Structures are given as C-alpha cells and as structure tokens.
Amino acid sequence: MEEINNIEVIPCTQSDYLKPLRVHYNQNGTKKTWDFVQTHDSVSVLIFNTTSHCFILVKQFRPAVYMSEWERIKRQPPKSAEKTGEGSTEAAAPESEQGQSASEGQSSSQWPPASTGITYELCAGLVDKPDLSLEEIARQEVLEECGYDVPVSKLKKITSYRSGVGVTGAKQTMFYAEVSDDNCVSAGGGEPQEGELIEVVKVPLHEAMTFAYDERLPKTMGVLFSFIWFHNNMSPKYKISTNV
C-alpha cells in the first residue's frame, strides 16, 4: 500500500467522479462568483463487531491528501542540516523516499513518503447506482470493503450531513451496523478492478476515543463524529468505557 512512485500531476479535463464548475449570482444586490466541484453523494457506515467489541475501519492511500500535504511541505522553508542537541546532524532521507522533480518551478525535491497520504476512514462509497437504495449501497460497500455480509434491515441510519460545503456540498448519509464474526464472509479489501486497495483495521472499543484524538493517525471527521455518537447512544449497552 505504501509503495508509491512514478507520480505525475496533470490537468483533469474529464472525470466520471467530479466536474469543476463556476457559478455567477447576485446576493443582496452584490454580484458574486464561486468555483465548486460537482460530485456524487455518498454513504458511510460505522461498523461495530459485537464478538470482539471493536470498530471496523478501513485504511487506504488518498492521493488528494498526499498532494495537499506535498503542497504544504513545498511552502515551508528548506531545512538545512542542523545539529541536534546531541551534536549529530539530521539524517538524509532514504533513497527509496527520494522522488521525481517537483512541478511548478522547483528543479529538484523529494516526494514525501506514501504514509503521508494514508488515512483511516469509515467504510464508505459513492451513491452512483440509481437502482439501489442508500441502505443497499451501504450494504454492498460493507461487503466489498470489510468482508461482512450485513442484511439491509440491520443498517440503522444515524444522520445525513453536507461535506466539503465550500467546494462540493455533497450529502453523505451515515449508517450504523452491528456485525459478529459469523457475518464475516471474506477478507474485504475493496474491488481491485475499480482501483481500490483497502486494509481493514480493527479498533478496540476501550481504545476508540484515544485513537480518534490521536493526530498522528490521519482520519476523517466521520470517524470522530461516529465514535462520539456511539459513546452517547450505544456504549451504555455494552458497559465498556470508550475513554472519552
């Protein structure tokens, strides 16, 4: 998962997943312009395994996160080899982490390690199948990504909300599903033919909030929100502290 190379950034002129647009409008007599991206709505699922008392998350490489971090790193002043408190100098980056030349006028630089783009997320998927309900899409994603066969009737809607309101405004609907080891029918991992490479991650219930607030582990807001929702609504049922 963390072997990323041959990076090339090019303009996106056509996509099945997003369309950049610009809207002109008047608001209270003032002419305004706003750039936005038209995208699909989505579903996400907080999965709790009642056998092992753990949450089931997915871990994957996100190019958008990786490139955003790369842009942030480029804006930082270059670091010189400075002595540390012990008198040693900073070690050079491993050869495997030294990348291609950067774009936008920088003649040579190194790409950050692939781990920069790795995130922890809820199981989720796009709403791009008009013949399926949101619950059916969610069920399909749980099966493909995490390997659990969950009946639609076992999916409980938590809420829906807008994400990326400054850029997309797409709606995501979040569900909750309880599974057991008996529901596990495969290792999950996503659909390789769709370019998915997903690792299933188990987070013990008693470590959930420590995990959620650990900034060293990049994660989506959905993970934080859903863990807090579980603490407020479900954890008394299991009589286990989530360390909030």
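## Overall fold

The protein's secondary structure amounts to 5 helices and 9 strands, taken as DSSP runs numbered from the N terminus (helices: H or I, at least four residues; strands: E, at least two). Starting at the N terminus, the order is β-β-β-β-α-β-β-α-β-β-β-α-α-α.

This is a predicted model, in which local features need pLDDT of at least 70 and side-chain atom pairs count only at pLDDT 80 or more, while totals for chains, interfaces and linings use all residues. Residues are numbered from 1 along each chain as its sequence is written, and side-chain values use heavy atoms, with hydrogens and water left out.

Of the 244 residues, 32% are buried (under 20% relative accessible area; exposed is over 50%, partly exposed in between; 1.4 Å probe, protein chains only).

Let's look at helix α4, which covers residues 221–233. Its 13 residues reach 18 Å from first C-alpha to last, close to the 18 Å expected at 1.5 Å a residue (1.5 Å times one less than the number of residues). Buried residues in α4 include G222, V223, L224 and W229.

## Around C184

C184 sits in the loop between β8 (170–179) and β9 (199–204). Because its relative accessible area is 38%, C184 is partly exposed.

Beyond its neighbours within four places in sequence, C184 is in contact with G147 and Y148 (heavy atoms within 4.5 Å). L143 and C184 are 41 residues apart in sequence, with 8.6 Å between their C-alpha atoms.

## W34

W34 belongs to strand β2 (residues 30–39). W34 counts as partly exposed because its relative accessibility is 44%.
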